[in-house]
Amino acid sequence: FDESICRKATLADIDKEKVKWFLKTAKAQRKYPLPVHTPVRDVFIHLNLLEDKKPTKAGILLFGKNPPGFLRQAKIKCIQFSGNQVEKPFSSYQIYDENLFEQIDKAVSFVLDAIKFPVIQQEHTAQVKREHEIPVFAIQEAIVNAVAHRDYNKTAAVQVMVFVDRVEISNPGRLTDSLTIEKLKKTHSSYPTNPLIAQPLYLADYIQQAGSGTLEMIKQCREKGLPEPEFISDRYEFRTILARDIFTEDILARMNLNERQIKAVQYIKNKTSISRKEYVLLVGISPRQAHLDISELVKKKVLVAIGKGRSVRYKLRS
């Protein structure tokens, strides 16, 4: 796909300023040899983005003034949900269809704006330190991989969904025959689906070409105390799931919680906290059993109590 000619396009459809930005960035990040004021035609020849004097589809996607005018499927849909399911109304919904560099930047910003920033009081100072729930590298890598490795022959868009407990990034297409989910979790070679797209992304320091990106994602999520990223591949799409907290369905099941307790955790993710009375009504049990269930959740350090007496409420341990 990326090598084929974009027949209706010409070099006049290329954004010269974006090419200059790329040359400046690539020189600083990867010591790319071409000067900043190199003509667009020469840059495209050097990057193998010109065929029979016309830009390739990769060239239009990376540097076009109006990529959707030629390739409508090349876009990222970003959706923020108020809960942990795909349900309307959406908290936020954006479609980005500019050149691939700008799509990636805006999609990453969308996620970072959507996920919470816990406030941490600094010792001996009034200032606070704000850290993202999910490592920024993991978010960037997942989105860049979706853009670089998607099947552009499919009409579906890359999709980024932000839930209260996770972020999911999916792209049309599947892993190449040379890769498996198991290999993504070990040292492996890079097998780009769209090499002419991947190369400029690498030169601009958006992507790694040593197959190390998924390993770094796993490492940083572990260091954050989060579950490892989950990679899912089928015939139609590849999906990356990044947990926003440690209380995923899989972990809750391994903690031997009952269905009532798991339901309460999901409720808190949507509503922030729960009282004993709300728990009784939510799962339909006696106040005594509710007390036992909640006490076990506190003992297992899933919940913490906020307040005292009848006004006490329970929140997830942060």
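1. Glutamine 266 counts as buried, because its relative accessibility is 14% and the cut-off for buried is under 20%. This glutamine belongs to helix α10, residues 259-271. Leaving aside residues up to four places away in sequence, glutamine 266 touches Asn84, Asp165, Glu249 and Leu252.

2. The model is predicted. Mean pLDDT for the chain is 89. Of its residues, 93% reach 70 or more. Residues 118-122 are an exception to note: their pLDDT is below 50. In the model this stretch still has 17 contacts beyond near neighbours in sequence.

3. Helix α7 spans residues 195-203. Its buried residues are Leu196, Ile197, Ala198, Pro200, Leu201 and Leu203. Their cover includes α1 (16-30), α3 (57-63), α4 (100-114) and α5 (136-149). Aspartate 205 follows α7 and has a positive phi, near 65°.

4. On the overall fold: the chain has 12 helices and 12 strands. Its C-alpha atoms fill a box of roughly 80 × 50 × 40 Å along the principal axes. Among contacts with a separation of 6 or more, 60% come from residues 24 or more positions apart.

5. On burial and surface: 44% of the 318 residues are buried. The accessible surface of the chain is about 17200 Å². Carbon and sulfur atoms hold 49% of that surface.

6. On charge: the chain carries 51 positive and 37 negative charges.

Technical notes:
Residues numbered from 1 in each chain as written. Predicted model: local features only at pLDDT ≥ 70, side-chain atom pairs only at ≥ 80, totals over all residues. Heavy atoms only, no water. Buried < 20%, exposed > 50% of the residue type's maximum accessible area, 1.4 Å probe, protein only. Helix = DSSP H or I, 4+ residues; strand = E, 2+ residues; numbered from the N terminus. Contact = heavy atoms within 4.5 Å. pLDDT = per-residue confidence, 0-100. Areas by Shrake-Rupley, 256 points an atom, 1.4 Å probe, with all protein chains shown as cover. Lys, Arg positive; Asp, Glu negative; His and termini not counted. Charge placed at Lys NZ, Arg CZ, Asp CG, Glu CD.
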